[in-house]
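Here is a friendly walk through one protein model, from overall shape to strands to core. Have the viewer open as you read.

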Amino acid sequence: QVQLVESGGGLVQPGGSLRLSCVASGSIFRIAAMGWYRQAPGKERELVALITTNLSTNYTDSVKGRFTISRDNAKNTVYLQMNSLKPEDTAVYYCNAVIRQRTGTTFRPYWGQGTQVTVSS
């Protein structure tokens with residue numbers, strides 16, 4: 001079994017910062033891409049940022065220049081540093097990782113349980 005556990009969400013004022021973390025644990029052979037998605041009330045889940053095994057990154061346009069994704073492969077952890085937060089960043093943020101288990105032969109996506117980020121004064 002594989003688990004992804006997020007942390008770091010909370011309430012922050014506009015212009016503030018938060019750092020999200022997501023740790024993958026369990027029967028992991030290898031982790032490919034890792035990413036962060038978010039879902040605001042009444043909206044579809046959207047990709048926020050993605051990081052590959054060779055550390056290439058991709059961001060949705062609305063967060064470019066404000067958010068930074070990074071990963072620590074030794075710790076099976078992905079981070080999302082969020083600066084200059086805006087009310088429209090309010091959402092539940094989900095961690096995603098494409099993982100091959102030790103007992104498997106294929107990669108498949110896994111999701112965390114989500115962490116709430118609220119940007120409000």
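## Overall shape

With 121 residues, a compact globule would have a radius of gyration near 14 Å, and the protein agrees because its own value is 14 Å. That radius is taken over C-alpha atoms, and the globule rule is 2.2 Å times the number of residues to the power 0.38. The C-alpha trace spans about 50 × 25 × 25 Å along its principal axes.

A word on ground rules: this is a predicted model, in which local features need pLDDT of at least 70 and side-chain atom pairs count only at pLDDT 80 or more, while totals for chains, interfaces and linings use all residues. Residues are numbered from 1 along each chain as its sequence is written, and side-chain values use heavy atoms, with hydrogens and water left out.

## Strands and sheet

You will find 0 helices and 11 strands here. Both are DSSP runs numbered from the N terminus: helices are H or I with at least four residues, strands E with at least two.

Four of the strands build an open antiparallel sheet in the order β1-β3-β8-β7. Strands count as paired if DSSP finds at least two bridges between them. At the edges sit β1 (2-7) and β7 (67-72), each pairing on one side only. Zooming in, β1 meets β3 (residues 18-26) in the antiparallel sense over 6 bridges, and Ser7 stands opposite Ser21 in β3.

## Surface and contacts

Of the 121 residues, 39% count as buried, meaning under 20% relative accessible area with a 1.4 Å probe, protein chains only. The protein exposes about 6,500 Å², with carbon and sulfur atoms supplying 48% of it; these areas come from the Shrake-Rupley method with a 1.4 Å probe.

Contact means heavy atoms within 4.5 Å. Among contacts with a separation of 6 or more, 56% come from residues 24 or more positions apart.

## The nonpolar core

In soluble globular proteins, nonpolar side chains tend to be buried together. Here the largest nonpolar core holds 30 residues, of which Leu4, Trp36, Leu80, Met82, Tyr93 and Ile99 touch the most other members. Such a core is a set of buried Ala, Val, Leu, Ile, Met, Phe, Trp, Tyr and Cys residues joined through side-chain atoms within 4.5 Å. Elements giving two or more residues include β4 (28-39), β5 (46-51) and β11 (115-119), and β9 gives the most, with 5.

Which residues does Ile99 touch? Leaving out residues up to four places away in sequence, its partners include Val2, Leu4, Ala24, Ile28, Phe107 and Tyr110.

Note on methods
Buried means under 20% relative accessible area, exposed over 50%, partly exposed in between (1.4 Å probe, protein chains only).
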